[in-house]
Amino acid sequence: MKLVVLRLGHRKARDKRITTHVFLAGRALGADAGVLCGENDEAVLKSVSGVAGNWGGRFPVKHSPSYRKTLSGLKRRGFRVAHLTMYGERVEAVAPAIRRKARGRLCVVVGAEKVPGDVYRLSDWNVAVTGQPHSEVAALAIFLHELFGGKELAKKFAGARLSIVPQARGKKVLAAKPRGNQKRIYSRNAQL
Ligand code: SAM
């Protein structure tokens, strides 16, 4: 599945941290790319690219001045659109149909400020993660989990400079040598 996260209506002054988290959660949980709509924000784009640079995988993220143009461009390329909103159909009911009908190409729209009405019409699915208002990061994470059925938790991140060895206590991080893929342990069982 090729999955693009479109962050709608980003406001530089208010949304810097949460928009960064939308992209980071998306990347960690199976998305392949991000589009920032609303105000351009180099700090967000740089921070997300920096994480991808260190922790592996490809996660291109760019600004688009027009969500309408971006959505119609993606639709021309065969993408279907799922918009996350508390007013939509329940995720647990609609995720299997999205998985089947998206045929490997999906754009997930996540709002910030009030979402313009045409987004509801342009979207193939308006999807609610419960009918309660909460957070775009939580909504995206649960949507992706329902969509991928848990497989996203085992996603591999090729070419990572840093990777974590899971363990019950302490912190173990592997760091790739500057050249080549060999990794060395640089922090071992740090006491917490
Ligand atoms: N007034 C906005 C609206 O019309 O949905 C709510 C703003 S909310 C802080 C920002 C974004 O979080 C929403 O645009 C939506 O993408 C997501 N979100 C919040 N609660 C959600 C829910 N229960 N289900 C799906 N998405 C939700």
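**Figure 1. Lys-16 and Asp-41 are joined by a salt bridge.** In this predicted model, the closest N and O atoms of the two residues are 3.1 Å apart. A salt bridge here is a side-chain nitrogen of Lys or Arg within 4 Å of a carboxyl oxygen of Asp or Glu. Lys-16 lies in helix H1 (residues 12–28) and Asp-41 in the loop between strand E2 (33–38) and helix H2 (42–55), so the pair ties together parts that are 25 residues apart in sequence. Helices (H or I, at least four residues) and strands (E, at least two) are DSSP runs, numbered from the N terminus. Lys-16 is partly exposed, at 36% relative accessible area, while Asp-41 is buried, at 1%. For these words, buried means under 20% relative accessible area, exposed means over 50%, and partly exposed lies in between (1.4 Å probe, protein chains only). Accessible areas come from the Shrake-Rupley method with a 1.4 Å probe, and for residues only the protein chains shown count as cover.

A note on reading these views: residues are numbered from 1 along each chain as its sequence is written, and side-chain values use heavy atoms, with hydrogens and water left out. Because the model is predicted, local features need pLDDT of at least 70 and side-chain atom pairs count only at pLDDT 80 or more, whereas totals for chains, interfaces and linings use all residues.

Figure 2. Thr-20 is buried, with a relative accessible area of 11%.

**Figure 3. Arg-80 and Asp-124 form another of the six salt bridges in the structure.** Their N-to-O distance is 3.4 Å. This pair links distant parts of the chain, 44 residues apart: Arg-80 belongs to strand E4 (residues 80–90), and Asp-124 to the loop between helix H5 (117–122) and strand E6 (125–128). Both partners are partly exposed, Arg-80 at 27% and Asp-124 at 32%.

**Figure 4. Glu-92 and Arg-90 meet in a salt bridge.** Here the N-to-O distance is 4.0 Å. Glu-92 is partly exposed at 47% relative accessibility, and Arg-90 is partly exposed at 43%.

**Figure 5. The ligand is surrounded by 17 residues.** The closest of them are Leu-84, Gly-111, Val-129, Thr-130 and Gln-132; a residue counts as near a molecule or strand if one of its heavy atoms lies within 4 Å of it. An oxygen atom of the ligand is 3.1 Å from a polar backbone atom of Gly-111. A ligand nitrogen is 2.9 Å from a polar backbone atom of Val-129, and a ligand nitrogen lies 3.2 Å from a backbone N or O atom of Thr-130. The protein covers 83% of the 560 Å² of accessible area that the ligand has on its own.

**Figure 6. E4, E6 and helix H6 (136–148) each give two or more residues to the shell around the ligand.** Which element gives the most to this shell? E4 does, with four residues.

**Figure 7. Thr-130 has a positive phi of about 70° although it is not a glycine.** Most residues other than glycine have a negative phi. Thr-130 sits in the loop between E6 and H6, and this residue is partly exposed, at 35% relative accessibility.

**Figure 8. Arg-103 also has a positive phi, of about 50°, without being a glycine.** Look for Arg-103 in the loop between helix H4 (91–101) and strand E5 (105–110). Is Arg-103 buried or exposed? At 75% relative accessibility, Arg-103 counts as exposed.

**Figure 9. Ser-64 makes a polar contact with Ser-66.** The side chain of Ser-64 reaches the backbone oxygen of Ser-66 at 3.0 Å. Ser-64 is found in strand E3 (residues 61–64) and is buried, at 7% relative accessibility.

Definitions and conventions: A polar contact is a pair of N or O atoms within 3.5 Å; within protein, one must be able to donate a hydrogen and the other to accept it, and residues adjacent in sequence count only if both atoms are side-chain atoms.
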